[in-house]
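Have a look at the model first, then work through each solution step by step.

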Amino acid sequence: MNWKSVIFLSIILLGGCVSTRPPLPPDSLEQYRDTLVDLGIKSSQALTAEYDWNYRNFRERLEREGDIDPLSLVLRFCGGAFDWQWGECGGDQAGMPVFNVIAKSRSDLAMLNDLLTAYANFLIEFNAANSDTRANLEASAEKIGTSVASISGRFGKQLNADKIGAFSTIGVNVVEQLLARKQRDGMAAVIQEFHPGVREFARLGSQAMETSAIGIKTEYGDEHQKLVRGIALESDGGKKLKLVEKLLALNEQTSMHLESLGSIHAAYRALPNADAGLISALESGRRANLEELVGHVEAISAAYRQFQAADAK
Amino acid sequence: MTHEEKLELVNFLIFLRGKLQSLAIRLILMGEDPAKVDETEKSLAGEIRKLRINMMLDWQGDAAELMANLRQINEQAQRHVRELKNAQQRTAKLASILGLIDRGMKSVTDLLV
């Protein structure tokens, strides 16, 4: 073997040792994170609208019928140092006001959305990790670990803890392990470990929107009947027209609200694909294909603009 | 009971409530008193409310059997509603419809126990 062959062989061998995996496409992770932030804001707004509508109907019903168990409105302190609940300790929770349960759902969903945003932020930090950023990375990992523990506690059996992949073990102690994995197998392999969790959390998000749609239909069921009845009984043409206009406005508002919930639902359903898109972008070196998710989030914004315009009318 | 089954059940009860509300309006237009229908509709609304809370707080039960039962009840009730228009014994027909709805609601209430 001559010296030229030795140099050539050395170059080939050296190439095999240095990672040949492509770098992360620019802005993909930031775009992913920003989309998740938007999704979190819009889903929280959706449950706020459901809360407001239920509270309005609750007040009207109370004024009209005066039928309420005052004890169902009292907070009880039944367990831990900071725990509280509405109604009797260990009592039937179905008796509590619906708006209170919606508020709880909204708080749970906010926690879920915060976790997804924290995950995207963690990926950004992790992607740029070096010895100076190690402390930040560990703090982020610890934050995610705490959120996962809280979410597991809140969602109970609805969350399949066996299916959340690396989310179930994340914390300060696994950062080194993840960094070693990144060095050995690339960033895509690390994201792949979290992918089952993203799928599971997205499922919970989409279910929250389905439950909220039930709420909207129920509120409509409460409110529209008195208008329809008024239209059937009213003999004065002018008054009847006003009732018809009110009903049409209610119909428009309800359909737009359901449309918004449908868009948010679709965005949660698109989330696992977007996460998989990041992985394949990392493997191919191309820009991540987040169009589907971004498209859904833009559709939510458009639906909300319409909804707010109808509400203002 | 899966989330999808819960959704199907609650959506069906909402649909059933809509039918009762329409029935009340139809009775008003016929010059009849809708009080009994209103009472049943109010009870159904109460069950939907409980299920909605339960759904948010996570609930369990046997959906498949219940759904089959409710569908059967609805078919019978709809048949009676169609007959109501020309019925000679309207009060008796109405009582049958409300009886069927009561049976359906009892199935849902039993699920929550």
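The exercises below go from the chains to their contacts and then to single residues.

This is a predicted model, in which local features need pLDDT of at least 70, side-chain atom pairs count only at pLDDT 80 or more, and totals for chains, interfaces and linings use all residues. Residues are numbered from 1 along each chain as its sequence is written, while chains are lettered from A and ligands numbered from 1 in the order in which they are written.

**Exercise 1. Find the helices and strands of each chain.**

Step 1. Helices (H or I, at least four residues) and strands (E, at least two) are DSSP runs, numbered from the N terminus.

Step 2. Chain A has eight helices and two strands, and from the N terminus its elements run α-α-β-β-α-α-α-α-α-α.

Step 3. Chain B has four helices and zero strands, in the pattern α-α-α-α along its sequence.

**Exercise 2. Work out how confident the predictor is in each part.**

Step 1. Chain A averages a pLDDT of 81, and 83% of its residues score at least 70. Residues 6-20 of chain A stay under 50, and the model has three contacts for them beyond four places in sequence; two residues are in contact if their C-beta atoms, placed from the backbone, lie within 7 Å.

Step 2. For chain B the average is 77, with 67% of the residues at 70 or above. Within chain B, confidence is highest in helix H1, at 91, and lowest in helix H3 (residues 63-84), at a mean of 61. Residues 59-64 of chain B have a pLDDT below 50, and this stretch has nine contacts in the model beyond near neighbours in sequence.

Step 3. For the complex, the predictor gives an ipTM of 0.76 and a pTM of 0.79.

**Exercise 3. Describe how chain B meets chain A.**

Step 1. Start with the counts: 21 residues of chain B are in contact with 22 residues of chain A.

Step 2. On the chain B side, the elements that give two or more residues are helix H1 (3-29) and helix H2 (35-57).

Step 3. Sort that side by class: it has 12 nonpolar, four polar and five charged residues. Here Ala, Val, Leu, Ile, Met, Phe, Trp, Tyr, Cys and Pro count as nonpolar, Asp, Glu, Lys and Arg as charged, and the others, Gly among them, as polar.

**Exercise 4. Compare two helix pairs by their angles.**

Step 1. Axes are lines fitted to C-alpha atoms, for helices over the stretch in contact, and angles run from 0 to 180 degrees between N-to-C directions. Angles under 35 degrees count as roughly parallel, over 145 as roughly antiparallel, 65 to 115 as roughly perpendicular and the rest as oblique.

Step 2. The axes of H3(A), residues 98-127, and H2(B) come within 10 Å and cross at roughly 20°. H3(A) is therefore roughly parallel to H2(B). Val98(A), Val101(A) and Ser105(A) of H3(A) make the contact with Arg49(B), Arg52(B), Ile53(B), Met56(B) and Leu57(B) of H2(B). These residues divide into five nonpolar, one polar and two charged.

Step 3. Leu178(A), Arg181(A), Lys182(A) and Asp185(A) in H5(A) meet Met187(A), Ala189(A) and Val190(A) in H6(A).

**Exercise 5. Is Thr218(A) buried or exposed? And what of Ala118(A): buried, partly exposed or exposed?**

Step 1. A residue is buried if 20 or more other C-beta atoms lie within 10 Å of its own, exposed if 12 or fewer, and partly exposed in between; C-beta atoms are placed from the backbone.

Step 2. Thr218(A) sits in helix H6 of chain A, and it counts as buried because it has 24 C-beta neighbours inside 10 Å. Not counting residues up to four places away in sequence, Thr218(A) touches Ile14(B), Ile48(B) and Arg52(B).

Step 3. Ala118(A) lies in helix H3 of chain A and is partly exposed, with 19 other C-beta atoms within 10 Å. Beyond its neighbours within four places in sequence, Ala118(A) is in contact with Ser140(A), Lys143(A), Ile144(A) and Ser147(A).

Definitions and conventions
pLDDT = per-residue confidence, 0-100.
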